[in-house]
Amino acid sequence: MRSIEAGAGQSFRFVRLVFALLVCCGAWLLTGCERERVFQREGYVFGTRVDVAVYTDDPRLADATIAAVLREFDRLHNTYHAWKPSELTDLNEALAQGRSREVSPELAAMLRDAQSLSEIGGGLFDPAIGALVELWGFHTDTFEPARPDPAALAGLKAAQPRMSDLVIEANLISSRNPAVRIDFGGYAKGYALDLAAAILLERGIRSALINVGGNVMALGSKGRQPWRVGVQHPRQSGVMATMPLYDGEAIGTSGDYQRYFELDGLRFAHILDPRTFEPTHATQALTVLVTPRPQVGVLSDVASKPAYLAGDAWREQTRHFGIEHALRVAADGRVEVTRALRARLEFPESIEVRVVD
């Protein structure tokens, strides 16, 4: 299930897997339509690999449109980076000093949206804990196997930063709590998917597969067949399951298998529980598939986090977001999948699956 990770870091192997599947499913599907084919380019932003594939008969349109999408990814990466100088770090500095700050309309809208989604998830999705992410050593591309300083962790836990501490008045942002530090690691990749889809559609591309570090959205189909994606196992190499992804759908996973370190026989992953200020050990990976609706990309990124952190109560969390297609790999390796998603997934016979309603 490592195919579709929604956390701050993602699986490069899944990225390669997705496009390997594209190749395998019909040698670019040239049969029956010799002019249309897949055009694909890769990039590296958000600390992970991104891929855009479009199915069209116009190579110039494909090249120009994919280039526009990759430029937009670069813009988002530079504007909302959590620890390198950006508009977001400028805001965090102001909040830490107890000052209000005027931000761009886009950032203000993102903060309002994230605040609302945090409430829906009962606070288990909370971008206000950026200082906690840094304390655990995940504001870097490499991780040292070490626990946070106990005094610093206790102080932050006492401060209890939350998205509800933000005060958003038009584009003026302030905070009731100076410990708030925004990190869009669980939101930005889904937001990028939605913007990429808008660019593609505006330019006349109706068939595409967009992959932002394992969060994947489909537009249209690949010729006469739907796009297909693979779900990789969090503890094994290779494909755990495959499935079709239809027009306007998006899929994403939160897991403990990419951005993590091991210490004293335990795995400490980057998805931190705002209740305990610790990584959770109850789930290896949690995948959600979001059917067509507004902000489908954002939901594919956000909704997997509360369900991942909720452990055995994962299904309750997916219901909060109106998601019926979900899959969990528990800490002991149990595979649980909703009835709606089970009907889509193709598993090898060796994998035992428990279906839940």
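This is a predicted model: local features need pLDDT of at least 70, side-chain atom pairs count only at pLDDT 80 or more; totals for chains, interfaces and linings use all residues.
**First stop: two loops**

Select phenylalanine 46, in the loop that joins strand S1 (37-45) to strand S2 (48-56). Its phi is near 55°, a positive value in a residue other than glycine. Is phenylalanine 46 buried or exposed? With a relative accessibility of 15%, it counts as buried, because the cut-off for buried is under 20%.

Now jump to aspartate 264, in the loop between strand S11 (260-263) and strand S12 (266-269). Aspartate 264 is not a glycine either, yet its phi is positive, at about 55°. Its relative accessibility is 70%, so aspartate 264 counts as exposed.

**Second stop: helix H4**

Highlight residues 105-120, which make up helix H4, and pick out aspartate 113. This residue is buried but has no salt bridge. Which side chain of opposite charge is nearest to aspartate 113? That is arginine 112, and it is 8.9 Å away. Show the surroundings of aspartate 113 and, beyond its neighbours within four places in sequence, you will find contacts with Tyr187, Gln295 and Val298.

Stay in helix H4 and select serine 118. Serine 118 is buried too, with a relative accessible area of 6%. Setting aside residues up to four places away in sequence, serine 118 touches Gly123, Phe125, Asp126 and Met163.

Move on to leucine 201 in helix H7, which covers residues 188-202. Leucine 201 is partly exposed, at 37% relative accessible area. Leaving out neighbours within four places in sequence, its contacts are Arg206 and Leu219.

How many salt bridges does the structure hold? There are 23, and here are some to visit.

- Select glutamate 278 and arginine 147, whose closest N and O atoms are 3.9 Å apart in a salt bridge. This pair links distant parts of the chain, 131 residues apart: glutamate 278 is in strand S14 (residues 278-279), and arginine 147 is in the loop between helix H5 (130-135) and helix H6 (150-159). Both partners are partly exposed, glutamate 278 at 25% and arginine 147 at 46%.
- Next, select aspartate 256 and arginine 235, a salt bridge with its closest N and O atoms 2.7 Å apart. Aspartate 256 sits in the loop between strand S10 (250-255) and S11, while arginine 235 sits in the loop between strand S8 (227-232) and strand S9 (239-245), so the bridge ties together parts that are 21 residues apart in sequence. Aspartate 256 is buried at 8% relative accessibility, whereas arginine 235 is partly exposed at 35%.
- Then look at aspartate 301 and lysine 305, which meet in a salt bridge of 2.7 Å, N to O. Both of these residues are buried.
- Finally, select Asp312, Arg328, Asp332, Arg334, Glu336 and Arg354 together to see a network of salt bridges.

**Last stop: a pocket**

End at the second largest pocket, which holds about 150 Å³ of space. To see its lining, select His233, Gln236, Ser237, Gly238, Val239, Met240, Gly333, Val335, Pro348, Ser350, Ile351 and Glu352. Colour them by class and you will see five nonpolar, six polar and one charged residues.

Terms used: Residues are numbered from 1 along each chain as its sequence is written. Side-chain values use heavy atoms; hydrogens and water are left out. Helices (H or I, at least four residues) and strands (E, at least two) are DSSP runs, numbered from the N terminus. Buried means under 20% relative accessible area, exposed over 50%, partly exposed in between (1.4 Å probe, protein chains only). Lys and Arg count as positive and Asp and Glu as negative; His and the chain ends are not counted. A salt bridge is a side-chain nitrogen of Lys or Arg within 4 Å of a carboxyl oxygen of Asp or Glu. Contact means heavy atoms within 4.5 Å. On a 1 Å grid over the protein atoms alone, a cavity is a set of points where a 1.4 Å probe fits but cannot get out, and a pocket is an open set with protein on both sides within 12 Å along at least five of seven lines; lining residues have an atom within 4 Å of a point. Grid points are joined across faces, edges and corners, and a volume is the space filled by probe spheres set on the points. Ala, Val, Leu, Ile, Met, Phe, Trp, Tyr, Cys and Pro count as nonpolar, Asp, Glu, Lys and Arg as charged, and the others, Gly among them, as polar.
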